[in-house]
Amino acid sequence: MAETEIPECITEHERILQEIESTDTACVGPTLRSIYDDQPNAHKRFMEKLDTRIRNHDREIEKMCNFHHQGFVDAITELLKVRADAEKLMGQVTDTNRRLQEAGNEVTAQTEEVIRCRIQQRNMATTVEKLQLCIPVLEMYSKLKEQLTSKRYYAALKTMEQLEKVYIPRVSQYRFCQIMAENLPKLREEIKDISMSDLKDFLESIRKHSDKVGETAIRQAQQHRTFLSTVAKQAGLDHYTKPVYSLNGRAHSHMSNGVLMEAGDEEDAEDEILTAQDLVDFSPVYRCLHIYTVLGDRETFENYYRKQRKKQARLVLQPQANMHETVEGYRRYFNQIVGFFVVEDHVLHATQGLVTRAFTDELWNMALSKIIAVLRTHSSYCDDPDLVLELKNLIVIFADTLQGYGFPVSRLFDLLFEVRDQYNETLLKKWALVFREIFETDNYSPIPVETEEEYKVVVSRFPFHDAEIEKQSFPKKLPMSQSVPQIYSQVKEFIYASLKFSESLHRSSTEIDDMLRKSTNLLLTRTLSSCLQNLIKKPHIGLTELVQIIINTTHLEQACRYLEEFITNITNVSPETVHTTRLYGLSTFKDARHAAEGEIYTKLNQKIDEFIQLADYEWCMAESDGRASGYLMDLINFLRSTFQVFTHLPGKVAQTACMSACKHLSTSLMQMLLDSELKQISMGAIQQFNLDVIQCELFASSEPVPGFQGDTLQLAFIDLRQLLDLFMVWDWSTYLADYGQPNSKYLRVNPATALALLEK
């Protein structure tokens, strides 16, 4: 078995040795590892085999060397012979090289100079080429600096754009171009900041100039309206033509006949019409808009501009605290608002999208609400009708001006109706003072007329017609006092003043007529009526004055139809129109007259009471004095003189006053008899009292006021007469027998009254 393994091992070692000899040295590792992986002690046998192989090779090498040794010796011998020749040749080559080097040094120097020149020439050509690329960049950058210096920012941005897109990319490898490229964004930001600063200056400028711009626009609107009014009158037109204004300095309006009229034609050649561009330099806003558009930040600019203009609008709409004190305050307020919106209208049409119609409409609606609130508040403080009228005129021209620029102003004309009410209130307050002064200065006596000229003057101021008085010779007296023509004239002045407010409101004649009649009704029914009522209630107004007041109100009542004709002549509206308002002057003067009549009755009764208080009866006298009491005679004389003044009063008024006075006198005398403090009355006192009643009956029978039928006035004393007769005659049997019968002699004697007097 061992013998069989040994030959196999030897064969394997032979294979490994062949593999080692034929294989690259780097791959010997796996082969050698296989020796150690075989049977134990295999590597020793392999080493033995390897030593044997090495010895074999050494013997072969030795054989080969022995075989070639003679040839090697011969070659060395020949080489030694060549060595001497080689040294000789080396000397010759060295000498030749030395002489060649010496001869080529000059050529080398010249060659190097040529090479250096060629390099310089190439560098110069390259430099020129690069400079030709860089010079346009530098020129453009220099141009950019000049544009920035001259504040041509929009052109500078265009130059930057060319630098970035065209010039700098060509020479982007150079550092100075990189510095330029890094500096351009900074320059853009600088331009944005500068343009924004210019815009802020522009906003401040238009805020300062809005007053002047508005004043100019309003003046143009006034001139235009005056011109159209003149043309309309010449053409026989009765309507107002709406103006349309433009910012080119001319205003156009289409007339009904198709001819285009130009408001600029009304001005003289030297009166140049100023526009918004003439008063405000809009270039900063244009420039800033272009700059932000180029920079791709237009939206930011638009938002900033609109935000700032909204803030300015709120400032413009904020009025001064004392604006209501003068018309200049209102005018300045309106000028600023008009100027603001004229500028916005110009920016709207001169730029594309910086402001939109929706934005201006939003601003206007906000402004309109604020304006209306401000005017409502401040107009309520005005107590001067002239100032309110000026305010109305300012509102009208303000509305017309902005309407010409396309802004809706219907709410402003609606506001004018509220202002009209305020105007009427101030007029009523003013005329209340006028009426009060007229009443205070009136002498409450008929107007004396000495000559026909004086009569015509009075008749020209007041429509007085009386055939009987006209037939009388001069001098003569007119029944009313001086206050009547004065009041009538002042009512007409009030109508004129009220009419002034209706001008330029673009209202029909019917509406104006209705407004005039309503305001006149307020004057009559509220102001004049209140003044009359207060006058009548004043303590210093006596019976004579009250009589004259009744006469005056009668004539004023008759003059109301002339006031209606006066209004009709002004408005040319027929009084037969269905919706025509009637004047309420008739009821006003009737109420005043009734109040005066009632006051007459009251004052008469008060005067009677004053006389009654003077009565001093001796209730225990034995017999009468045989004549009436002095106080009663004075009272009767007073009544006679008073009722003589009543001759100018309407008959029923005088009769009612007389009847009321007699009844009150009778009642007062009856109360005197029945006074609870009076405990005892003698028959002498009854007789004396009877004499006083007789005087009262004589006064009643003398017809102090004409128009009473029969003994009507005497019936006021019938209760007293029957009571006194009962006691004077002492006819108690008849009284008791006929009591309760309709034909009783003492029908008006009350049993309780008779009993009370009987006890006394």
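**Aromatic rings and a covered helix**

Tyr333, Phe334, Phe340, Phe341, Trp364, Phe398 and Phe407 form one aromatic cluster. The structure is a predicted model, in which local features need pLDDT of at least 70 and side-chain atom pairs count only at pLDDT 80 or more, while totals for chains, interfaces and linings use all residues. Residues are numbered from 1 along each chain as its sequence is written, and side-chain values use heavy atoms, with hydrogens and water left out.

Rings of Phe, Tyr and Trp (its six-membered ring) are paired if their centres lie within 6.5 Å; planes under 30 degrees apart count as stacked, over 60 as edge-to-face and the rest as tilted. By this rule there are 18 aromatic pairs. One of them joins Phe282 and Tyr286, with 6.3 Å between the centres and 25° between the planes, and it is stacked. To describe how covered a residue is, buried means under 20% relative accessible area, exposed over 50%, and partly exposed in between (1.4 Å probe, protein chains only). Phe282 is buried because its relative accessible area is 3%, whereas Tyr286, at 25%, counts as partly exposed.

Tyr423 and Phe501 form another stacked pair, at 5.1 Å centre to centre and 25° between the planes. This pair links distant parts of the chain: Tyr423 belongs to helix 12 (residues 410–441) and Phe501 to helix 15 (residues 483–502), 78 residues apart. Helices (H or I, at least four residues) and strands (E, at least two) are DSSP runs, numbered from the N terminus. Tyr423 has a relative accessible area of 2% and is therefore buried; Phe501, at 1%, is buried as well.

Charged side chains also meet rings. A charge sits over a ring if NZ of Lys or CZ of Arg is within 6 Å of the ring centre and within 35 degrees of the ring normal. Arg306 lies over the face of Phe359, at 5.6 Å from the ring centre, and Lys476 lies over that of Tyr455, at 4.8 Å.

Helix 11 (residues 385–404) has 20 residues and spans 29 Å from its first C-alpha to its last, close to the expected 28 Å; the expected span is 1.5 Å times one less than the number of residues. Helix 11 is mostly covered, with 16 of its 20 residues buried. After this helix comes Gly406, whose phi is positive, near 95°.

The protein as a whole has 25 helices and 5 strands. Of its 760 residues, 41% count as buried.
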